[in-house]
Amino acid sequence: MNRIRIYMTGVGGQGTLTATTLLSRIAVDEGVDVVAGEIHGMAQRGGVVESTVLMGGWKSPKLDLGEADIVLGFEPLEALRGLRYLRQGGYVFGSSDAIPTPGMSSGKEKGPSYGEIINFVKKSSSKAWFFPARTIGLELGSPQCGNNILLGALCASNLLPFGLEALERGICRYLPGKLQACNIEAARRGAALLTESLL
């Protein structure tokens, strides 16, 4: 298989590290050599959380700037910030639902608009997809299950050595029973949204 390096980023409380662990465990189950690590993890709610998942025979989870094949941004501003890790010609999967920083909420800081973020991300990547992950997660009963919108889209993209069925099996194996149905539905919605965007 091709070696692949994934950079994942979000804010504390979103479940970024849970998504990282889930994807890594699925890779192991599918016989894929994988290493994963945190760049900044377990951040306080609202703080930045960054992690890596490297598949295909890497010895270390370390990821330098400009090396990631894929960036998963669970919040649009974090996806923008994560571009420094993306290689030329890489791919971005992001959430379009912003979570304002404390400074933005208080009016002390002003960030780029969603339109500005999208334009910059699309110019800096081979292909970028943004979906309302948090909104759909809330519709399904848990904002955190919106992360599987992005994982579902990623697994349906043919960029990984496994697909949506492996993700669904992993959700059933590794997430608590009460969270499985909404997360499977989220994964399927993400896959469907990606497919629709490619038509």
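**Group meeting: contacts and helix packing in a predicted model**

Let me begin with Ile39, which, leaving aside its neighbours within four places in sequence, is in contact with Tyr7, Glu50, Ser51, Thr52 and Tyr85, where contact means heavy atoms within 4.5 Å. This is a predicted model, in which local features need pLDDT of at least 70 and side-chain atom pairs count only at pLDDT 80 or more, while totals for chains, interfaces and linings use all residues. Residues are numbered from 1 along each chain as its sequence is written, and side-chain values use heavy atoms, with hydrogens and water left out.

Ile39 lies in strand S2, residues 34–40, and it is partly exposed, with a relative accessible area of 31%; buried here means under 20% relative accessible area, exposed means over 50%, and partly exposed is in between, using a 1.4 Å probe and protein chains only. One of the contacts of Ile39 is Thr52, and these two residues are 13 residues apart in sequence and 7.4 Å apart in space, C-alpha to C-alpha.

For the chain as a whole, the secondary structure comes to eight helices and six strands, helices (H or I, at least four residues) and strands (E, at least two) being DSSP runs numbered from the N terminus. From the N terminus on, the elements run β-α-β-β-β-α-β-α-α-β-α-α-α-α. Buried residues make up 49% of the 199 residues, and of the contacts with a separation of 6 or more, 66% are accounted for by residues 24 or more positions apart.

Turning to helix H4, residues 114–124, we find Ile117, Ile118 and Val121 buried. Seen down the axis of H4, its buried residues fall within an arc of 95 degrees, so they line one face of the helix, the arc being that of the directions from the helix axis to the C-beta atoms. What covers them includes helix H2 (76–82), strand S5 (86–95) and strand S6 (127–131).

Next comes helix H7. Helix H7 (residues 164–174) and helix H8 (residues 177–198) pack at an angle of about 165 degrees, with their axes 9 Å apart; axes are lines fitted to C-alpha atoms, for helices over the stretch in contact, and angles run from 0 to 180 degrees between N-to-C directions. That makes H7 roughly antiparallel to H8, since angles under 35 degrees count as roughly parallel, over 145 as roughly antiparallel, 65 to 115 as roughly perpendicular and the rest as oblique. On the H7 side, Leu164, Leu167, Glu168, Ile171 and Cys172 meet Gln180, Asn183, Ile184, Ala187, Arg188 and Ala191 in H8.

Helix H1 (residues 16–29) also packs with H7, at an angle of about 110 degrees and with the axes 9 Å apart, and H1 and H7 are therefore roughly perpendicular to each other. Here Leu22, Arg25, Ile26 and Asp29 of H1 make the contact with Ala166, Leu167, Gly170, Ile171, Arg173 and Tyr174 of H7.

I will finish with Ser142, whose place is in the loop between helix H5 (133–140) and helix H6 (147–155). Is Ser142 buried or exposed? Ser142 is buried, with a relative accessible area of 14%, and, leaving aside its neighbours within four places in sequence, it is in contact with Gly137 and Cys182.
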